Amino acid sequence: MTVNHYTSKVSIVTPTFMRPMETSGLLENLARQTLLPHEVILVDGAAADDRATERAVKRVIDHFPFPIRYLRETGGTAVQRNAGIDLATGDFVALIDDDVRLKENFLQVVVDVFNSRARERVGGIVGYRTGGHLSVQASSRWKWYKRLKLLTTFEPGRYDFNCGYPINNYLQPPFEGVRPVDFMTTACAVWRREVFDEGLRFHPFFRDYGVLEDAHFSLTAGRGWDLLQCGDALSEELNSPNGRVNRRRIGYKCVVNYYFVFQDIANPLSKAQKFRFWRYQSFELLRIVASALRFRRSSDLQEVLGRIEGVLAVLRGTAFEKKKSR
């Protein structure tokens, strides 16, 4: 049966923070889609006195073949996405980062996959990001993961329920068709409206700079829905340096957020699971210490400090107490 993809409405939800150029570029990219968005919802997390993105959007808001809704919401990308999801009216909700550029047929390809599997319980489909493919054999870090057996699976897009580590989707080489996954990035993912209608949102734990909120959200959704990666829905991530935080904060979250996800998704954790989690974290800490000593980069030292703070926060339980009190 031939599917008319033009009958499907796709809402785009994009959080942004101090990226007016990237936001403008995304709007231009979306205007070239063969299946135009039903609407684009931009959620600006900048401070009230930072109006650069707002001005950039207002200059062009009437120049595109789809309605653009601009709003402000602070608190981090998870909070921003929730605000955008609450406003979305499409049959599908696409979570697209402001520094991602979609191939012209991206939305069309994804919607066609959804429609061709209408009788299946497919809740989300993530695209394939080109240009960042990793090889286990070419990466010294991943080779050590394998030698030391730190992980029990190396399949991209799967979640290692034994140690609490999501296997990087960039390990997946280019492919055609679809493949099942446990989790999806928020960079270029499209969700069926019904997933949100059931009440699922990004967890309030994930405030300020986002680390692993996408994995937690999709792992939670995966309890009731099938998730797929589509190798024909291509995109490119520009990895904009704007609006990012320092390595110390990222290092902290790479311990605290990973433990929160592991604990929440795989609860209750066994002693073996906790052992594997801390063995992996110990290796990461030692790896970054070695890099700091070898290359004398202050950013590596900042991440080491952040990771130590994260370990202490998890062991003392203070990280989770602070989140609950907000």
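How far is the sulfur of Cys163 from the closest cysteine sulfur? The distance is 14 Å, to the sulfur of Cys254, which is too far for a bond. The model is a predicted one, in which local features need pLDDT of at least 70 and side-chain atom pairs count only at pLDDT 80 or more, while totals for chains, interfaces and linings use all residues. Residues are numbered from 1 along each chain as its sequence is written, and side-chain values use heavy atoms, leaving out hydrogens and water.

For Cys230, the closest cysteine sulfur belongs to Cys188, at 10 Å, again too far for a bond. Over the whole structure, the search finds zero disulfides (pairs of cysteine sulfur atoms within 2.5 Å). Cys163 has 1% relative accessibility and therefore counts as buried; Cys230 is likewise buried, its relative accessible area being 1%. Buried here means under 20% relative accessible area, exposed over 50% and partly exposed in between, with a 1.4 Å probe and protein chains only.

Confidence is expressed as pLDDT, the predictor's confidence in each residue, from 0 to 100. The protein chain averages 94, and 97% of the residues score at least 70. Over residues 1-5, however, pLDDT stays under 50.

The lining of the second largest pocket comprises five nonpolar, two polar and four charged residues. Among its lining residues are Trp144, Phe283 and Arg294. Helix 5 (140-147) and helix 9 (271-295) are the elements that give two or more residues to this lining, and helix 9 supplies the largest share, seven residues. A pocket is an open set of 1 Å grid points where a 1.4 Å probe fits, with protein on both sides within 12 Å along at least five of seven lines, and lining residues have an atom within 4 Å of a point. Helices are DSSP runs (H or I, at least four residues), numbered from the N terminus. Ala, Val, Leu, Ile, Met, Phe, Trp, Tyr, Cys and Pro count as nonpolar, Asp, Glu, Lys and Arg as charged, and the others as polar.

Definitions and conventions:
Contact means heavy atoms within 4.5 Å.
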